[in-house]
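Subject: Structure handover and findings

Dear colleague,

Please find below the structure that I am handing over to you. My findings follow directly after it.

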Amino acid sequence: MIFSTLNGVLYGMLLFLLASGLTLIFSMMGVLNFAHASFYMLGAYFGFQISQWLGFWVALVAAPVLVGLIGAAVERWGLRTVHKWGHVPELLFTFGLAFVVEELVQMVWGKLPVDYRVPALLDFSAFELFGTTYPAFRMFMLLISVAIFLVLLLVLTRSRIGLIIQAALTHPNMVAMLGHNVPKVFMMVFGFGCGLAAIAGVIAGPALVTQPSMAHVLGPILFVVVVFGGLGSLPGAFIASLLIGLIQTFAIAINYSLGDALGAIGIGRPISGALSDMWQVTVAQIGPVVPYLMLVLILIFRPTGLMGTRET
Amino acid sequence: MSALALEDVHKTFGVTPIIRGVSLEVGKGERHAIIGPNGAGKSTLFHLISGRFPVSQGRVTLNDEDITGLKPYQINRRGLSRSFQVTNIFPKLTVFENVRCAVLWHLGYRYSFWHNIRKLNDANERAMAILQQIGLADRSQLPAGVLTYAEQRALEIGITIAGGAGVVMLDEPTAGMSRSETAHFVNLIRKVTEGRTLIMVEHDMGVVFDLADRISVLVYGQIIASDTPARIRSNTAVQEAYLGQALEAEH
Amino acid sequence: MSSTILAAARPNPVLDLLRRYGVWIAAAGLMILLPKVFSSGAALTTMCLMGIMIVFSLSYNMLLGQTGMLSFGHAVYYGLGGFLAVHAMNTIAGGKLPIPLPVLPLVGGFMGLLFGFIFGAVSTRRAGTAFAMISLGLGELIASLSLILRGFFGGEEGITANRTKMLTLWGVRFGPQIEVYYLIAAWCLVCIAAMFAFTRTPLGRLCNAVRENPERAEFIGYSTQMVRFIAFCVAGFFAGIAGGLAAINFELMNAVNISGGQSGVVLLMAYIGGIGHFAGPILGAILVVLLQVFLSDITGAWMLYFGLIFIGMVMFAPGGLAGLIMLHLPLWRRGTILQVLPHYAAMAVPVLMGAAGLTLLIETAHHQLVKTQTDGPAMHFFRLGFDSNTPLPWLAAALLLGGGLWLGRLYAPRLKAAYGDAAHGVEAAR
């Protein structure tokens, strides 16, 4: 239970690293970046490659910077061209980008998962509870993501840049009115968001599996988080990240099916047909479905999301 | 029997009251103008009547039928049609298509996907007749977005009247037009609203006093006077609140 | 449109008939003749796939191009239609029911319609980005359910059927691919005609109005939600027919057919072809299937090219292929198209240089990274043999790519001016 909670919080914090960047990009630029999870994947792969050459600690810094620069370049030479065609082409551009990144990654690192290992320094168990150990690297991941969260919070609430960003979240036109160089701000925001995603990739890579499908597995979940929390709302994204992290982790841990539940109250299982499948489905299997159900429901009943102020 | 009646209509945005108790009655076939200073709530009042915004309090009736809280399309189907202050057309559709779309519901074709639109002679003829009325017949095959400003304003009116609504609301139909265009437009409005009830918001006092049978003066969310043009002109309260400056600006 | 008014005055009925139905007669003729020209098994399979994808992408464009609804989950209706058709095939074969194969796509169509109705009622209440997100959520929901509900979806392997076990009419058992081809071609033509007819109905036109300006549509008496909903149901119906055709063609449906990937492919097809024109998605479906078949034969990195072509289209030709063609129609009509041709020829040099450089780069990299361990460093590029371990191919690729980009940028303004002259000269001559 404690482990599940810890893992859930950890997964949630990782989601938030991605979701915060996505929220920033959406609020300021109006672009729902389909390729955001691809930058997370690039982060993981760059992290893997750089750790092989120069070690994990260099990778932890260098990979996000590199990915951030790539993100900025994509904004500068890609998105900016598409911007004049409108929002749908922008969305489609990032959609195509996600596609290309996945193919490139497959080409360079192959289709199979790469052997991205936990650095030796952190390869021990942090503590033991009820006979099960909890790896130190996971604690480290948690630490990093909480630290970044706190830094973000401080920057957003205490600094001048943070105030500008906050203003831009609710009043996107303000940034331009205040006389800031909008294209440059866009480029920086996009690059920064991609860098944040890459950090998540670098630290998640060794713990989860680093493989070419990791982007499109996470991508839709990320959208659920951002939309569920309310587009443009960082606190909303934070709550939604934790919520979905916990739900998914707990769902996997519980092995209980509808059949069990109905059996307990005395309803037998139908012999055949599609319904018998329903009976066998366990909560663990339903786990991946829940976020999408949440997304659909919230969009129908509360279009602004949990904490959002803007309609989607 | 009144074509349109408002009973103590209120509208607040958040805590800010914009419309503070408007009661108004417009008779059948009447040409009614609503005037008032900027920010008085004229456009908001239009949005409330046409269903774009929900009414906070009060009642709106169209031909003695309660239309409060109905959706814009429901109100439109009951015979109230409106134009917009900022041109609101279908820019990539042809001029002809703009008008034809606006006649379809009222000819009973609704959501039909079993009629060939080319063979709907009544719809095509009516759309063409309206284009002739508003003087855009020779433009019919152009995309509406490439028309000149004045032509788009004419099309806006064409779309508004196409459905044959008994009550027509025009929101600043002559805004941004030159003198000669305005004169032409006044004739156009008079022609196309023949036999209908007209309610319009207008800043150009020449147009207002030329067209209107009755005038209501809206100041700060309330109607301070509603009367014939001659009496409005001599009403001192109106003079003070608005008309003095407005007429001054005209000359 | 203009032809309606003109046609009324035209006295020659034969000419008029030909004008109106000429395209359809030509299309039918082409579909009949194609297998005579390309009779190989591979060609037939490709053309069958094209027919299916044409129906699918046209149904998608009813949403995106005509009503302005961006859907990320259109494969749901295609896939469900296909799965039900496969199950229907098995049931009919098992129970010896007197239902012939050619009507089976209708089963898929009704499944698509049913789910279009259910999910449409939920998702078309919202428009714009919210609609797109709901469609994404529903798409992923069904895709993940397809892996859980093994009874209906058959898990990873999918569900198979045998199309020849159905009632035979006039001795046609649909065993050979050529018979399936004609079945698909016939359905394809019927569906194209039906979807085209849809654009010429009051609702079809209102779909365009809702895409252009939903607010104004509400003020001319139409509930935009209802317009979106009906369009969504109809699009689901045709997607289901495409799914039914796919079930007949492959005799197999699996989770891939209903996945987000499939939804992405149909979006790519419609967009590359051009969503602004009715025929755009047809072009897109043909091109994408061709790319799939031929590029995957030539190169292992074909998906990458595919993605790059898509991005290139989004960036530089948002109107798609059909948009590019429409751009030149006025020049063709006025006879000024010859003016711009030399400029296009000149522009082709840097474009080809850049493309050659990029492909050389990708191919060399692909060879170096993927195939060197198994095949050794020697590789071929357009029959040119070289060693991918030496710097020469890399250098050549970089030079070609860089040179192409540089020359292209240099020449682009002149090309633009030439096009402008040709187009605006037209306006002036009027």
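Chain B contains an open sheet of 4 strands with antiparallel pairing, in the order 2-1-4-5. Strand 2 (16–27) and strand 5 (65–66) of chain B stand at its edges. Each of these has a single partner strand, so one side of each is left without a neighbour in the sheet. Strand 1 (residues 2–13) of chain B runs antiparallel to strand 2 of chain B, and 9 bridges join the two. Among the paired residues, B:Thr12 has B:Pro17 in strand 2 of chain B as its bridge partner. Helix 1 of chain B packs on this sheet, where it touches strand 1, strand 2 and strand 4 (57–62) of chain B. The direction of helix 1 of chain B makes about 65° with that of strand 2 of chain B. Please note that this is a predicted model.

Chain B also holds an open sheet of 6 strands, with mixed pairing and the order 6-7-8-3-9-10. At the edges stand strand 6 (80–82) and strand 10 (222–227) of chain B; each has a single partner strand, so one side of each lacks a neighbour in the sheet. From one strand to the next, the twist averages 15°. Strand 3 (residues 31–35) and strand 9 (residues 214–219) of chain B pair in the parallel sense over 4 bridges. B:Ala33 has B:Ile215, in strand 9 of chain B, as its bridge partner. Helix 1 (residues 42–50) of chain B lies across strand 3, strand 6, strand 7 (167–171), strand 8 (197–201) and strand 9 of chain B. Relative to strand 7 of chain B, helix 1 of chain B runs at about 150°.

I turn next to the contact between two chains. Here 32 residues of chain B are in contact with 26 residues of chain C. On the chain C side, the elements that give two or more residues are helix 1 (2–9), helix 9 (202–212), helix 10 (214–218) and helix 11 (224–250) of chain C. Helix 9 of chain C gives the most to this side, with 8 residues. By class, the side of chain C that touches chain B divides into 12 nonpolar, 8 polar and 6 charged residues.

The remaining findings concern chain A. The axes of helix 3 (residues 56–83) and helix 8 (residues 182–207) of chain A come within 7 Å and cross at roughly 140°. The crossing of helix 3 of chain A with helix 8 of chain A is right-handed. Their contact has 19 nonpolar, 5 polar and 3 charged residues.

Which residues does A:Leu24 contact, leaving aside its neighbours within four places in sequence? They are A:Ile165, A:Val189 and A:Gly193. A:Leu24 belongs to helix 1 (residues 2–29) of chain A. The C-alpha atoms of A:Leu24 and A:Val189 are separated by 7.1 Å, although the two are 165 residues apart along the chain. A:Leu24 counts as buried because 23 other C-beta atoms lie within 10 Å, where the cut-off is 20 or more.

Finally, helix 14 (residues 290–301) of chain A has 12 residues. From its first C-alpha to its last, helix 14 of chain A reaches 16 Å, close to the 16 Å expected at 1.5 Å a residue. The buried residues of helix 14 of chain A are A:Pro291, A:Tyr292, A:Leu295, A:Val296, A:Ile298 and A:Leu299. In general, an α-helix has 3.6 residues a turn, so residues three or four places apart point the same way.

Yours sincerely

Key. Residues are numbered from 1 along each chain as its sequence is written. Chains are lettered from A and ligands numbered from 1 in the order in which they are written. This is a predicted model: local features need pLDDT of at least 70, side-chain atom pairs count only at pLDDT 80 or more; totals for chains, interfaces and linings use all residues. Axes are lines fitted to C-alpha atoms, for helices over the stretch in contact, and angles run from 0 to 180 degrees between N-to-C directions. A crossing is left-handed if the near helix is turned anticlockwise from the far one by less than a right angle, and right-handed if clockwise. Ala, Val, Leu, Ile, Met, Phe, Trp, Tyr, Cys and Pro count as nonpolar, Asp, Glu, Lys and Arg as charged, and the others, Gly among them, as polar. A residue is buried if 20 or more other C-beta atoms lie within 10 Å of its own, exposed if 12 or fewer, and partly exposed in between; C-beta atoms are placed from the backbone. Two residues are in contact if their C-beta atoms, placed from the backbone, lie within 7 Å. The expected span of a helix is 1.5 Å times one less than its number of residues. Two strands pair if DSSP finds at least two bridges between them.
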